[in-house]
Structure formats: C-alpha cells, structure tokens
Amino acid sequence: MPARSKRADALRNQQTLLDAAAAVFVTSGVDAPIREIAARAGVGMGTIYRHFPNRADLVVAVYRHQVDACAEAGPTLLAGADSPLMALRQWVDLFVDFLVTKHGLANAMQSDSSGFDALHTYFLDRLVPVCAQLLDAAVDAGEISPGTHAYELMRGIGNLCIGRESDPRYDPRRLVELLLKGLQRPQPS
C-alpha cells in the first residue's frame, strides 16, 4: 500500500512550526529550548518531537525550509519591488536572517559531515542562481556596476555575519548595508 501524503493542514502546521523554530533560532540560537519553539508555534512539545525526533532533524528541516523560502522570494521580490536594487536589498535582508539562523548548524550535526556537505551543496544550487538573477536585473537597470558575482557577494555577506552569535553588540546588517551601497552606481546629480 503506498504511503499517503501529508494532509494540507498537517503541512501547514509543519510550516508554522518551521517558521517558529527559525524565528527562535535567530534570537536564541539552534540550542534554544524546544519549549520556546513550541510556545511560539502554539503547539505542544510532543508535536515537535513527533515531526522531528531530535534537534538535528529540526535544525536541518529549518535550514532547508529557509533555503527554499529565500530562493522562492527572489523572483517574487523582483516582480513586486520598485526597482531591482530594492528587490536585491530585500532579498539580502532575508539572506542575512537565514545566515544568522544557520550558525550552529555544524554543531547540531556533529557526526554527519556528509549531511552537512549535502546541505551546503543544496544551499549553493538553490541560492546562487537567485542572487545572480537579482544582480543581473540591477545591472541591466543601471543601478549597480557590473562585475559582482553572486557567489562572491553571498560569501562576503556570510563573512560579515560571522561572530554575531558571540557578540550581541555586533549587528552585521550595518556592514552589509555598506557593502550594498558600494555596489551602487553613482547617480547623476
């Protein structure tokens, strides 16, 4: 007998749980108490453990969920923003949220380096093309100078996000904003 797919309400509940876990991870890290995630999602702790038997399962699911959400947001932002540069800025903001959430992923997956490598490949395969599309659109609109590659921009943003979890005084967003300003073409006065 074939396995039944999850009901629509069960999928919605799981998405709500993943969104709640991601939000808690941003503020409290991947080692946040499960009860904090359950409270934010409005579910019991048993519900979380039923979907995700251990913390690594939950962290990986949040990671994949956020990669997918970030990848899917790119074209939507590009279609709805006032300009390609504004879409790029909005997407980078989502990307920074994602990067802040993923710190600690390696610790949560201690014994599964092949799983971590597979997630990193998934991350690159899904997000580099989206970032490239946003950069190309901003170049075509004359808003930024050509020559910035998506991978190097994403890597630079990632490097700026390092250390946030160990220093609450450090907010990488200010430096990321400076980086994005540096991409902009000077506008004629």
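Cys161 is buried in this predicted model, with a relative accessibility of 0%. Cys131 is likewise counted as buried, at a relative accessible area of 1%. A search of the whole structure, however, returns zero disulfides. For Cys131, the nearest cysteine sulfur belongs to Cys70 and lies 9.0 Å away. Because a disulfide requires sulfur atoms within 2.5 Å, Cys131 takes part in none.

The overall fold can be described next. The protein chain contains nine helices and zero strands, and its elements follow one another in the pattern α-α-α-α-α-α-α-α-α. Of its 189 residues, 38% count as buried. Among contacts with a sequence separation of 6 or more, 66% are between residues 24 or more positions apart.

Once its neighbours within four places in sequence are set aside, Phe95 is in contact with Cys70, Phe123, Leu127, Met154 and Ile157.

Helix α1 spans residues 8-28, and its 21 residues reach 30 Å from the first C-alpha to the last, close to the 30 Å expected at 1.5 Å a residue. Which residues of α1 are buried? They are Ala10, Gln14, Leu17, Leu18, Ala20, Ala21, Ala22, Val24 and Phe25. After α1 comes Gly29, which has a positive phi, near 85°.

Attention now turns to the largest pocket, which holds about 340 Å³ of space. Its lining consists of 15 residues, and those nearest its centre are Lys102, His120, Phe123, Arg155 and Gly158. Helices α5, α7 and α8 each supply at least two residues of the lining. The greatest contribution comes from α8, with five residues. Phe123 links this part of the description to the core, as a lining residue of the pocket and as a contact of Phe95.

Two residues of α7 complete the account. His120 is placed in this helix and is partly exposed, with a relative accessibility of 37%. The C-alpha atom of His120 lies 10.0 Å from that of Tyr63, although 57 residues separate the two in sequence. Asp125 also belongs to α7, and it counts as exposed because its relative accessible area of 55% is over the 50% cut-off. Between the C-alpha atoms of Asp125 and Ala71 the separation is 9.8 Å, across 54 residues of chain.

Conventions: Residues numbered from 1 in each chain as written. Predicted model: local features only at pLDDT ≥ 70, side-chain atom pairs only at ≥ 80, totals over all residues. Heavy atoms only, no water. Contact = heavy atoms within 4.5 Å. Buried < 20%, exposed > 50% of the residue type's maximum accessible area, 1.4 Å probe, protein only. Helix = DSSP H or I, 4+ residues; strand = E, 2+ residues; numbered from the N terminus. Expected span 1.5 Å × (residues − 1). 1 Å grid on protein atoms, 1.4 Å probe; cavity = no way out; pocket = protein on both sides within 12 Å on 5 of 7 lines; lining within 4 Å. Points joined across faces, edges and corners; volume = space filled by probe spheres on them.
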